[in-house]
Amino acid sequence: MSSIHICGASILNENWALTAAYCMQSSDLSFLTLHAGSIYLSSGGTIHNVSEFIVHENYDWYDSFINDIAVVKVSNPFQIDGVDVKPVSLPPQGQTPADDTLATVIGWGQLEEFGPYSDTLQRINVSIVNHDQCNSIYESNSEHVYDSQICAGVPQGIGGTCRGDDGGPLFIDGNVVGLVSWSRYCARPEYPTVYTRVSAYIDWIKQKTGV
């Protein structure tokens, strides 16, 4: 049976992964699998069935995707070897990245707006955008960026996240500081991507998974 790529995720330990609440739209677990251990969507790695997922209790996609975070439990554990498959590191609870900090986002999303999905894992460097500046950009479209969200983008040139990158990690110094959540259009410099700020949810992650 063919599969369709929807979102990215980050491995927390052999049993749990971290992603965006938006990605967990299906209530039928038989439709959900996680692919680990390969940079290619179509080959290599291992496939893991989902036994349980937990979406944040206050997630609201109508309100700027606030609390866009979820944890996913697999029924067949990830084969952690420290090379092809290893857990991510999480930031301290409450930490906020400084403006203009260089970060890296990865994913298998569309290569351009309305374009094809990538079969090979892509990565791009972005920088953290001032929160008030980002909020001002989106408030002009009747949207809001909350304190539990951060923004990052590519001020010069085109590049950034697109459909299919949702739930994927934003890294700073090896820590997953953000999860791709939403933006207006894809990879446009004038609209930074809004990420769930992972450090606002460390206690929640620990409570739900024991990680």
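Biologist: How many disulfides does the structure hold?

Modeller: Quick note before counting: this is a predicted model, where local features need pLDDT of at least 70 and side-chain atom pairs count only at pLDDT 80 or more, while totals for chains, interfaces and linings use all residues. Residues are numbered from 1 along each chain as its sequence is written, and side-chain values use heavy atoms, leaving out hydrogens and water. Taking a disulfide as a pair of cysteine sulfur atoms within 2.5 Å, the number held by the structure is three.

Biologist: If I count the bonded cysteines along the chain, what pattern do the disulfides follow?

Modeller: C7 is joined to C23, C134 to C151, and C162 to C186. With bonded cysteines counted along the chain, the pattern is 1-2, 3-4, 5-6.

Biologist: How many residues apart in sequence are the parts that C7 and C23 tie together?

Modeller: The sulfurs of C7 and C23 sit 2.2 Å from each other, and the link is left-handed, with -95 degrees about the S-S bond. C7 lies in the segment before strand 1 (10-11) and C23 in the loop between strand 2 (16-19) and strand 3 (33-36), so the parts they tie together are apart in sequence by 16 residues. Strands here are DSSP runs of E with at least two residues, helices are runs of H or I with at least four, and both are numbered from the N terminus.

Biologist: Is C134 buried or exposed?

Modeller: Buried means under 20% relative accessible area, exposed means over 50%, and partly exposed is in between, using a 1.4 Å probe and protein chains only. C134 has a relative accessible area of 0%, so the word for C134 is buried.

Biologist: What is the torsion about the S-S bond of C162 and C186?

Modeller: The sulfur atoms of C162 and C186 are 2.3 Å apart. C162 sits in the loop between strand 8 and strand 9 (169-172), and C186 in the loop between strand 10 (175-182) and strand 11 (193-197). Their disulfide is right-handed because the torsion is about 85 degrees.

Biologist: Let's move to S148. Which side chain does the side chain of S148 join in a polar contact?

Modeller: S148 is in the loop between helix 1 (131-139) and strand 8 (149-153), and at 14% relative accessibility S148 counts as buried. A polar contact is a pair of N or O atoms within 3.5 Å; within protein, one must be able to donate a hydrogen and the other to accept it, and residues adjacent in sequence count only if both atoms are side-chain atoms. Beyond four places in sequence, the residues in contact (heavy atoms within 4.5 Å) with S148 include I66, T196 and R197. The polar contact from the side chain of S148 spans 3.3 Å, and the partner is Y201.

Biologist: Zooming out, what pattern does the protein chain follow along the sequence?

Modeller: The protein chain has two helices and 11 strands. Of its 211 residues, 46% are buried. Read along the sequence, the pattern is β-β-β-β-β-β-β-α-β-β-β-β-α.
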